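Subject: Structure for your review

Dear colleague,

Please find below the structure that I would like to hand over to you. The findings follow after it, grouped by topic.

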Protein chains: 6
Amino acid sequence: MSEVAGRLAIEATGTALKRYTGGRGLLIGGVPGVQPARMVVIGGGVVGTHAARMAAGLGAEVTIIDRSIPRLRELDEWFEGRVRTRFSTIDSVEEEVFTADVVIGAVLVPGTSAPKLVSRKMLSSMRRGSVIVDVATDQGGCFETSHPTTHADPTYEVDGAIHYCVANMPGAVPQTSSHALNNETLPFGLALANKGFAAVFETPHLRSGLNVYRGRLTYKAVAESLGLPFSPIEHAAA
Amino acid sequence: MSEVAGRLAIEATGTALKRYTGGRGLLIGGVPGVQPARMVVIGGGVVGTHAARMAAGLGAEVTIIDRSIPRLRELDEWFEGRVRTRFSTIDSVEEEVFTADVVIGAVLVPGTSAPKLVSRKMLSSMRRGSVIVDVATDQGGCFETSHPTTHADPTYEVDGAIHYCVANMPGAVPQTSSHALNNETLPFGLALANKGFAAVFETPHLRSGLNVYRGRLTYKAVAESLGLPFSPIEHAAA
Amino acid sequence: MSEVAGRLAIEATGTALKRYTGGRGLLIGGVPGVQPARMVVIGGGVVGTHAARMAAGLGAEVTIIDRSIPRLRELDEWFEGRVRTRFSTIDSVEEEVFTADVVIGAVLVPGTSAPKLVSRKMLSSMRRGSVIVDVATDQGGCFETSHPTTHADPTYEVDGAIHYCVANMPGAVPQTSSHALNNETLPFGLALANKGFAAVFETPHLRSGLNVYRGRLTYKAVAESLGLPFSPIEHAAA
Amino acid sequence: MSEVAGRLAIEATGTALKRYTGGRGLLIGGVPGVQPARMVVIGGGVVGTHAARMAAGLGAEVTIIDRSIPRLRELDEWFEGRVRTRFSTIDSVEEEVFTADVVIGAVLVPGTSAPKLVSRKMLSSMRRGSVIVDVATDQGGCFETSHPTTHADPTYEVDGAIHYCVANMPGAVPQTSSHALNNETLPFGLALANKGFAAVFETPHLRSGLNVYRGRLTYKAVAESLGLPFSPIEHAAA
Amino acid sequence: MSEVAGRLAIEATGTALKRYTGGRGLLIGGVPGVQPARMVVIGGGVVGTHAARMAAGLGAEVTIIDRSIPRLRELDEWFEGRVRTRFSTIDSVEEEVFTADVVIGAVLVPGTSAPKLVSRKMLSSMRRGSVIVDVATDQGGCFETSHPTTHADPTYEVDGAIHYCVANMPGAVPQTSSHALNNETLPFGLALANKGFAAVFETPHLRSGLNVYRGRLTYKAVAESLGLPFSPIEHAAA
Amino acid sequence: MSEVAGRLAIEATGTALKRYTGGRGLLIGGVPGVQPARMVVIGGGVVGTHAARMAAGLGAEVTIIDRSIPRLRELDEWFEGRVRTRFSTIDSVEEEVFTADVVIGAVLVPGTSAPKLVSRKMLSSMRRGSVIVDVATDQGGCFETSHPTTHADPTYEVDGAIHYCVANMPGAVPQTSSHALNNETLPFGLALANKGFAAVFETPHLRSGLNVYRGRLTYKAVAESLGLPFSPIEHAAA
């Protein structure tokens, strides 16, 4: 699903940049002789990487910001100079947001709220009609100013920045999403069908995904995020 | 402008393919393990080439159809196997449209009506929710079923195919379009400013663009298309 | 050796597709304006990946089918849209085989018989003169209809499909194969030379490759495949 | 047809390099850690360029030799460092042939005999089992030692070099070749069908292709090559 | 020679950017996580294109400025998004120079002085230690502040900008340069050797390169640049 | 730092190859029609990989030699045929050095002296003016003939080979190097600032980097290289 969301983020960007939605009226990739959009992707995980691939494929000028040097190295090898990589510090985020036409927020920490990476104050330094796409909307959003929107009415403006914060983005392409989901979950479905609930204990991925068991919270990040007591699955099942 | 229109055609495709507009619910480039959209671009000129570049950049499976073998060779060299090229015959158009998720009509003949390449009957063989983008809407359209729409209400459905036929597509990205137009027209503007109307006679591009002079039609394709008598500029000016 | 076999599979394909061997008379990569061969590679391991690289390098339209999503993601990153990836289900295999000009069987499970992926019935739906290349011939083959052939007489026909099932394919390029083998085995040879048989116990790769020790079968897959009792090396050596 | 022949030349190379045909037993592209074949393509026209693309696509180390600097520049731009280009002098041909595993002769001068570029003496400096592919066999061949062979018995050996000199190479892939030929000739066929023989005079390509008219030789290169008097078509038709 | 000069310009840039020559202490391509140098190439002819290729090959962020839209389109096709193209206006030059770490002046007008594209005032807005490479030094230079230097002492500083303005840059790589020159001039040398001075009149390239004939200036640009009367070669030879 | 050093090695090569430093007078990437430099990179780690990327980016003909087959496979996948990979044996090193214009020594074994890979005798077989760049100078160098030089006087000649052996190469580009170093070390700095010396025991990277603790040598390679007794950190801290 992260791959679908990351790729859709760039289609969303195209829509939000158009003049009739209040955007800067820019074509993502420009044309020969005319500058492309300058795009910053915050977060170099699956979402951010797929967003960057699509943006580069359309001709944008793209920078990925991440706080893991080994990950930046991998990205640098894949993109072979087509996308810039930059280490994440408060300074580098500010500097890149300041000159960007588009900021993609692609920071997800599973099971917990997304960190707020871009403050309202930072936004105010951007040019009028710049675009913010928040792919972490389902988990609280990674911009201070983001709140969930829908495919029917996807954008709103704050301080001149067009925000695209649709929750459940992959819902717009159900054919692709359902195949992607099936491919991922088929082995687990088969395990459950063959072995019943016992499969949860035998399959590490299923076990580690269990949130509640016999009334106890067995997923650490959720427990911490809600301030409730956490029971490791081994204890809860004992 | 053709470059802008060709590139925008792919952003339009993304929008039209979404489920909430009635499309097939496909992501243009698919994701690993899930098939991308199969796209046919009819016409390998500037519009079609830029459309194909963007589509390939997003990961689609793209075929360009054109009736010029030298042009197909050039395209084959540029795309290095990333985009397929196919010679245009009635058979090849039918075969490609039949298996396509998206058909981009990119055939423009300057000053005359676009030829109707895809009949309503051909459309009926496509899968429900397939997408038709007509970049030649301003000149009558290259699908039998296309008629102009607007950015506010861009799509309509005929026989299950979603049609995107916005006239003046580049109007959605005025910042990019106006720079592109300025870059193209600046030399002619300077020529007119410096030499006045005389520039029209001295500058081949301006002269060949003249439509009417002293009440006579001096542009052959327009004259033929309207069934009016044509006067070469040399005669009209004599 | 898998790399050599995978790469040779595409040279074999070129030969088998030619008219004088009974093939469809297709050039793998087509030429500008003429469609390339549509090729399906079943199995995204080393054999399949190298086969796909060569096929894409010649201009074919290639799809790799595999049942591991993480592997399909890696392949998608390497090929950057040049090769399609598809998740392996009975449906997807049938659908791809049905429209393919060439099917490469590249599924190897070390030490055991290759699974039969394509049935004789599936073959019958392919066009006359289509090509089947079985890289798993040495281990029983992964097509129902495949049986080993030789470099001297490499192909035979079943239901109109040309089968290329040469056992020991790398034997055709001994200079490349022997260097590849030396590079792989040199460290083990040196270990054996320096330490004698003791090296087998000290070197994990050697130990895990031991098939029989003191009259006991110490390689699990072989034992299972032959229905004989299996002794872990630790027990056999005790 | 030149595109088909150029591409087939590399499939022929693969076959000829194999040990059981007497070749060096090399895989064209090597494998990681083992050197690929070193290939020289003499002639950077359509045949040579397509041969080089295929060879590079398979991983070979390729040098194109041509005597036109503007052409070498174009090739350098297309291949972006993936294929080396070298200016043709007697020295550079000798130097490259000396270190090559494969030499592709791709020099065609329409309507006349191909020039002999590689002498028997040069061949003798090559390593045993090296491969010579002559794509100009139909016009006399561009190696001193080449004479036409057939698809049934394609290779022979001279001084240790395996020669592949099949005349009418595209005949092996009739489906691709006939489409390619149709695409090229369709416009001329239509012109002849619509206008009869008059089309020959009105269509420059047809006129320049006329060899004999009213008993006179109207194609200069053929006349010179046969030592017969030449009549320009304008005179012959007068 | 232009190709050699353009490529050498990037090696010169690497040297000039180093701290011990007074440069900004930047690595042209940065490393993963650290920004590369931002480079502007003014002029998209042979010199500028080869400079841009090398700079992009090293990982720099490159923009080419040119005043020809058709040329920018060609460059955009070659570089496929790896290098940005921008139309040349006073505004765009200023904007790009202002944010650049390196400016390459690659504007040559054969036989006349290079136009001064970057004024001393523009330079003063650049960051301390930025680098200016002037490839047009031999023809007066295209920066207001440039004057010829030598390989022995190649750089000097003006207003904090390091200037590299070596005249006859290709002299540093005589082996490459002399081969390049031979390849270009060999046909003309042979023509002169075979036909003597008559070759000048029969060979368009030689004739158009003649500067003085029988005491008259036969090269227009030189005549204009020196303010002397110009005689077309046809008149001078009459 | 290894990335910076590897990339700088190619800029150093460019300088050393120039005629005025005694080099062969070659342009690294040649120009169309003229051969590029033939470069061998010994060692496929971070230094060697970045050196190879830069060299390939400039158009050189590059071979990487390494003794790990899995690493050669990774490199082959990244470079996709643009750089050759070769397994390291005494024979292959000799063969490649013999035909090379440039040899980059990029073999580092952390904490110990670099192995001597190229003997003085091997050098003598190279052509006059060939270039040797030793990136392991700080650890004794990996050529028999190398000794440390400085940025002020970077090269010297031995038996006709120009040696570039600057110690602390990254010092030339302090802006890039300091950012790269900060990015790498920031997490460790923060750990030390927050937890004091205790961080060394809690952070595996810090612990494994400790050389001396309470007077005992806790880094194995250093101990062995100096012939002093080694105490694992667990013992030293007990």
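Leaving aside its neighbours within four places in sequence, with which residues is Tyr164(B) in contact? Please keep in mind throughout that the model is predicted.

The residues in contact with Tyr164(B), beyond those sequence neighbours within four places, are Ala12(B), Ala16(B), Val131(B), Ile132(B), Val133(B), Pro154(B) and Thr155(B). Tyr164(B) itself belongs to strand 7 of chain B, which covers residues 161-164. Is Tyr164(B) buried or exposed? There are 26 other C-beta atoms within 10 Å of Tyr164(B). A residue counts as buried if 20 or more such atoms lie within that distance, so Tyr164(B) is buried. One further distance concerns Pro148(B): the C-alpha atoms of Tyr164(B) and Pro148(B) are 8.5 Å apart in space, while the two residues are 16 apart in sequence.

The sheet of chain A

Chain A contains an open sheet of seven strands with mixed pairing, in the order 3-2-1-4-5-7-6. Which strands of chain A stand at the edges? They are strand 3 (84-87) and strand 6 (155-158). Each of these has a single partner strand, so one side of each is left without a neighbour in the sheet. From one strand to the next, the twist averages 20°.

In general, the strands of a sheet pair through backbone hydrogen bonds, and the pairing is either parallel or antiparallel.

The domains of chain A

The domain assignment divides chain A into domain 1 (2-171) and domain 2 (173-236). Taken over C-alpha atoms, the centres of these two domains of chain A are separated by 30 Å. Nine residues of domain 1 are in contact with nine residues of domain 2 in chain A. On the side of domain 1 that touches domain 2, four residues are nonpolar, four are polar and one is charged.

How the chains meet

Between chain A and chain B, 32 residues of chain A are in contact with 32 residues of chain B. On chain A, the elements that give two or more residues to this side are helix 1 (2-17), helix 2 (46-57) and helix 6 (174-195). Helix 1 of chain A gives the most, with seven residues. By class, the side of chain A that touches chain B has 14 nonpolar, 12 polar and six charged residues.

Some chains do not touch. Chain A and chain D are one such pair, with their nearest C-alpha atoms 14 Å apart. Chain B and chain F also do not touch, and their nearest C-alpha atoms are 14 Å apart.

Yours sincerely

Definitions and conventions: Residues are numbered from 1 along each chain as its sequence is written. Chains are lettered from A and ligands numbered from 1 in the order in which they are written. This is a predicted model: local features need pLDDT of at least 70, side-chain atom pairs count only at pLDDT 80 or more; totals for chains, interfaces and linings use all residues. Two residues are in contact if their C-beta atoms, placed from the backbone, lie within 7 Å. Helices (H or I, at least four residues) and strands (E, at least two) are DSSP runs, numbered from the N terminus. Ala, Val, Leu, Ile, Met, Phe, Trp, Tyr, Cys and Pro count as nonpolar, Asp, Glu, Lys and Arg as charged, and the others, Gly among them, as polar. Two strands pair if DSSP finds at least two bridges between them. Axes are lines fitted to C-alpha atoms, for helices over the stretch in contact, and angles run from 0 to 180 degrees between N-to-C directions. A residue is buried if 20 or more other C-beta atoms lie within 10 Å of its own, exposed if 12 or fewer, and partly exposed in between; C-beta atoms are placed from the backbone. Domain bounds come from an automatic or database domain assignment.
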